[in-house]
Amino acid sequence: MSDEIAVGIDLGTSNSCVSMVLDGMAQIVPNEWGERIHASVVSFLEDGSVLVGNEAKRNIITNSEFTVYSTKRLIGRYFFSDEVKKAQAVMPYEIVEGPNNGVRVKARGQEYAVSEVSALVLKEMKAVAERYVGVEVKKAVVTVPAFFNDNQRQATKDAGRIAGLDVLRIINEPTAAALAYGLGGVENQRAAIYDLGGGTFDVSILEIGDEGVFEVLSTAGDTYLGGDDFDDRIMNYLADIFQEQYNLDLRQNKYCLQVLKEASEQAKIDVGRYGKAEVYVEGICQAEDGQALDLVATLDEETFNGMVMDLVQRTFKVCDEALQAARLTANEIDAVVLVGGPTRLPVVSTSVGHYFQTEPLSNVDPDEVVALGAAVQADALCRADAEHFLLDVTPLTLRIATVGGYTEPIIDKNSPIPVERTRSFTTSRDGQDKVRIKVMQGESSREEECEMLGQFEFSGFRIGYRGEVTIEVTFEIDTNGIVNVTAADAETGQRTTTRLTLSSGLSEEDIEESRKRTEETELASRAA
Amino acid sequence: MHDQQFEVELEVIAGLIDDLDYFQVLKIEQDATPGQIKAAYYRESRSLHPDKFFSAESEELKNNALKVYKRVTEAYMVLKDHQKRAKYLADINGPDRASKLRFSEESEREQKQGKEEEPGKTAPARQSYRQAVLQMHDGQWDKARRSLKTALMYEPDNELFRSKLEECQERLAEGSR
């Protein structure tokens, strides 16, 4: 059992990466083309198979309607959420409403749950690892942004199950990165992990004690801020230039928009690497008279930095929040670790250095560090004795709805996990046989400003006069950061029946059905 | 990997967990320093963290460890916070110890109420009141009276301010006699 292979998977907004420990060393597993980073893109092909990864990314332009990307922005969200509305406006693929306010992606006449699309990315990662070691891989540790709420974590875990993986643990990306750096050694070192990904920003403040204890003191994040926002700025800059020149708005056409997006992403990389980007896209669109028009522009570093400085500043607001929660100041941080592709940009790394008054560490590739950490954790869980312990925290306050649209906190954010809290509820009507509790996460006392996790209905307790029956509800946040709710009759200790009556999640049947379908779906790149 | 003695001890502690206070759970004294609290949390994490029991065969062992460890994190969460710790200490050393071994929402509410009983609900009133206390201490009754009147302007219903003002007026009346 313990000699089975468990991998670590970084399931990113833009890119994913798989790693495993071989001969005591965590290493990135490349695919047969030597690629170590794989685009989190799934292209549904005509023959029913799917193409996943960098090859699929090329299809965003040629097979745009059926090529799905950035699903991490949609995972675990409600259909009515702002993020989903925003995605509907810009994504070339079709996003539709599923059962329970859930989100579905429609491709070639078939509807897929978001977890199912993510599962296809995980399936590809699993296949890459299997090809490399020649045996079946069944177990994995999957990472999520530290600031992910329960719905998003649950949906990620479901994605793992749909992909046929036993998800040993969901761990936070910044914590995984700290593990990969093997920080510690120096006693009671304090580290900040600055994780700017494609779609999310997270910062975690850790204290690394002796004997391998990684204590997360606090975490903060913004799930609406990432490298994609940098691309958006460049897109607008380029589109404005083009519009001035030809009086045509590239943003109005989904095809042009995709080409523009790709050009912008490349410009961002170039300006970061060379200090200047020459943008040249031949025939990006046609003039009314049929003449093909080219997009030609130059972007220098100064212009770029000016464009994105407010985004960088926004990350420091989040850092302020994390430091404050940890009761530390920026200069008390001993080490800063950069995670995520956008931290390669000098404007980001330099600003981070200024903010923390220390040169950030960057000796591990910021695109690979999270997967490496996940592999270290996967390996530790499979071996009998773990040598390090991740003492993580919950990023959001767990709340219950009270009356009149208000909420009450149950477990504060930044509480160490696993943790549980018990609350007593008394019946309010004679003969009451059900108690309903709405559970949510967020920092607002107003219900509508928090994220709804679910409505639980308890039954099967004694029936009595009002105020006579007390049930004790236990709220638990486990090591994955996932919330569990159970209840018992306070007097008899008898467990009540718990039913989840409202949730965005998938039912067991949905998961099983998706799992079967995913198992049957062929990965086009592996077909040969 | 885990010897039998450890398993037996863990079972005993898991059975007793609802009778232990947070200091007992972390195996520390009630006057432990913040450093000692953290060290105890790390020590207990090393022996009880769920990762350590991930591949354990015995479900019972896993459950016992998790049960005790969840209480360890709960204890740490309360004891690392100055205010919560002070309130908790008063709780467990009071007459209702048995029912207050876990920091409940009740304790939290009482702790918050305690905060509200601070002199004054508004910042300017509190500031004027603090000034008045110092002035009274120095025997500057006239100045203190003015400060208290200012404080009462912000919070006309504050009993404490009112009683202090009366005290000042008495003193001033005494002085002029």
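User: In this predicted model, which residue's ring has the charged end of Arg446(A) over it?
Analyst: The model is predicted, and a charge counts as sitting over a ring if CZ of Arg is within 6 Å of the ring centre and within 35 degrees of the ring normal. The charged end of Arg446(A) is 4.5 Å from the centre of the ring in question. That ring belongs to Tyr406(A).

User: How many aromatic pairs are there over all chains, and how are the rings of Tyr69(A) and Tyr93(A) arranged?
Analyst: Over all chains, the structure holds 14 aromatic pairs. For Tyr69(A) and Tyr93(A), the ring centres are 5.8 Å apart and the planes meet at 85 degrees. Planes over 60 degrees apart count as edge-to-face. The pair is therefore edge-to-face.

User: How many residues apart in sequence are the parts that the pair of Tyr69(A) and Tyr93(A) ties together?
Analyst: Tyr69(A) belongs to strand S7 (residues 67–69) of chain A. Tyr93(A) is in the loop between helix H2 (82–90) and strand S8 (94–97) of chain A. Both tyrosines, Tyr69(A) and Tyr93(A), are buried. The parts they tie together are 24 residues apart in sequence.

User: Is the pair of Tyr22(B) and Tyr88(B) stacked or edge-to-face?
Analyst: The ring centres of Tyr22(B) and Tyr88(B) are 4.4 Å apart, with the planes at 15 degrees. Planes under 30 degrees apart count as stacked, so the pair of Tyr22(B) and Tyr88(B) is stacked.

User: Which helices of chain B does the pair of Tyr22(B) and Tyr88(B) link?
Analyst: Tyr22(B) and Tyr88(B) are both buried. They are 66 residues apart, so the pair links distant parts of the chain. The helices are H2 (residues 22–25) for Tyr22(B) and H5 (residues 82–92) for Tyr88(B).

User: In chain B, where is confidence lowest?
Analyst: Chain B as a whole has a mean pLDDT of 85, with 90% of its residues at 70 or more. Within chain B, confidence is highest in H2(B), at 94. Where pLDDT is low, the predicted coordinates should not be read in detail. The lowest mean, 61, is that of helix H6 (residues 105–116) of chain B.

User: Which residues of chain B lose the most area to chain A?
Analyst: The two chains meet through 27 residues of chain B and 34 residues of chain A. They bury about 2800 Å² between them, 50% of it on carbon and sulfur atoms. On the chain B side, three residues together make up 23% of what is buried. They are Tyr42(B), Arg46(B) and Asp51(B).

User: Is Arg327(A) buried or exposed, and which residues of chain B is Arg327(A) in contact with?
Analyst: Arg327(A) lies in the loop between helix H8 (301–325) and strand S18 (335–339) of chain A. Its relative accessibility is 61%, so Arg327(A) counts as exposed. Leaving aside neighbours within four places in sequence, Arg327(A) is in contact with Lys80(B) and Asp81(B).

User: Which residues does Glu4(A) touch, not counting those up to four places away in sequence?
Analyst: Glu4(A) is in the segment before strand S1 (6–11) of chain A. With 32% relative accessibility, Glu4(A) counts as partly exposed. Its C-alpha atom is 7.9 Å from that of Cys382(A), although 378 residues separate the two along the chain. The residues that Glu4(A) touches are Lys138(A) and Lys139(A).

User: Why is helix H5 (residues 173–180) of chain A described as largely enclosed by the rest of the structure?
Analyst: Among the buried residues of H5(A) are Glu173(A), Pro174(A) and Leu179(A). A residue is buried when under 20% of its relative area is accessible. The helix H5(A) is largely enclosed because its buried residues number 7 of the 8.

Note on methods:
Residues are numbered from 1 along each chain as its sequence is written. Chains are lettered from A and ligands numbered from 1 in the order in which they are written. This is a predicted model: local features need pLDDT of at least 70, side-chain atom pairs count only at pLDDT 80 or more; totals for chains, interfaces and linings use all residues. Side-chain values use heavy atoms; hydrogens and water are left out. Rings of Phe, Tyr and Trp (its six-membered ring) pair if their centres lie within 6.5 Å; planes under 30 degrees apart count as stacked, over 60 as edge-to-face and the rest as tilted. Helices (H or I, at least four residues) and strands (E, at least two) are DSSP runs, numbered from the N terminus. Buried means under 20% relative accessible area, exposed over 50%, partly exposed in between (1.4 Å probe, protein chains only). pLDDT is the predictor's confidence in each residue, from 0 to 100. Contact means heavy atoms within 4.5 Å. Buried area is the accessible area (1.4 Å probe) that two parts lose on being put together, summed over both.
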